[in-house]
Amino acid sequence: MAYKFVDNYRERGARKKLVELLRSRGIEDEQVLKAIGKVPRHFFFDETFWNQAYKDIAFPIGDGQTISQPYTVAYQSELLHIKNGDKVLEIGTGSGYQTCVLMELGAKVVTIERQQNIYNRTIQVLPGMGYKPVFCCGDGSKGVAEHAPYDKIIVTAGAPLVPEILLKQLKIGGILVIPVGDEKTQKMVTVIRVSDTDYEKIVLDTFRFVPLVGDQAW
């Protein structure tokens, strides 16, 4: 990874085109689109692959992981309905791109990554870009109880079910967004905590994520 932070008119123009593409694909939240337009996605790529950064595709980042497709990042972000100051738990830091989008939306982010190599890389890259979430390394399927409760929780890997332990870390009125299914395809699921014991679940579109690995997942 080349940590060379250069953002010129070419990259800014490419982001503008990406925003218009996402709008054409049905992303309506202007704050989400604005955040996508601000975060320099090419910073998460080796300089050799900068020409791939603003295509609406996932891309390998090593250790069997990918930087998520911009549409997927925008889609999940839109479902969270982030308000300024929301405390958000992100399960699966990965490249850190989704983390930055959440922070551009005004969230205070706690983010957890299982893989040590990716964690080590991300804790260098994000502060260099000016983003300073609370970083954690460990089993994200169990959440991060010491910072709970959360206004919102986002899971960026496919799970076989909605982990009960994550639901318990949501505030009442809080929203959890998680892809649920098998290891090949998942349905995006939104869960709203209605009360101490009641939850409302909404099943949405089909996606394909890397699997969520951990004690409460695969």
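T156 is found in the loop between β6 (150-155) and α6 (164-167), where helices (H or I, at least four residues) and strands (E, at least two) are DSSP runs numbered from the N terminus. The model before you is a predicted one: local features need pLDDT of at least 70, side-chain atom pairs count only at pLDDT 80 or more, and totals for chains, interfaces and linings use all residues. Residues are numbered from 1 along each chain as its sequence is written, and side-chain values use heavy atoms, with hydrogens and water left out.

Is T156 buried or exposed? T156 is buried, because its relative accessible area is 13%; buried means under 20%, exposed over 50%, and partly exposed in between, with a 1.4 Å probe and protein chains only. The side chain of T156 reaches two backbone oxygens: that of G92 at 2.8 Å, and that of I91, which lies 3.0 Å from a polar side-chain atom of T156. Leaving aside neighbours within four places in sequence, T156 is in contact (heavy atoms within 4.5 Å) with Q76, E90, I91, G92, Q98 and F209.

The largest share, three residues, comes from β2. By type, the lining divides into 13 nonpolar, 16 polar and four charged residues; Ala, Val, Leu, Ile, Met, Phe, Trp, Tyr, Cys and Pro count as nonpolar, Asp, Glu, Lys and Arg as charged, and the others, Gly among them, as polar.

I turn now to the nonpolar cores. Such a core is a set of buried Ala, Val, Leu, Ile, Met, Phe, Trp, Tyr and Cys residues joined through side-chain atoms within 4.5 Å. In the largest, of 44 residues, L22, I27, I36, F44, Y97, V101 and L102 touch the most other members. At least two residues each come from α1 (9-24), α2 (30-38), β1 (59-62), α3, α4, α5 (116-129) and β7 (170-181), and α3 gives the largest share of this core, six residues. Apart from this core lies another, of 22 residues, including A159, V162, L167 and V191. As for I27, its contacts beyond four places in sequence include L22, Y71, A74 and E78.

Some local features remain. V134 lies in strand β5 (residues 134-137) and counts as partly exposed because its relative accessibility is 35%. Beyond four places in sequence, V134 is in contact with V109, V110, T111 and H147.

A cis peptide bond, with omega about 5 degrees, joins A148 and P149; P149 is found in the loop between β5 and β6. Finally, H81, in the loop between α3 and β3, has a phi near 50 degrees, a positive value in a residue other than glycine. H81 counts as partly exposed, at 48% relative accessibility.

Technical notes: A polar contact is a pair of N or O atoms within 3.5 Å; within protein, one must be able to donate a hydrogen and the other to accept it, and residues adjacent in sequence count only if both atoms are side-chain atoms.
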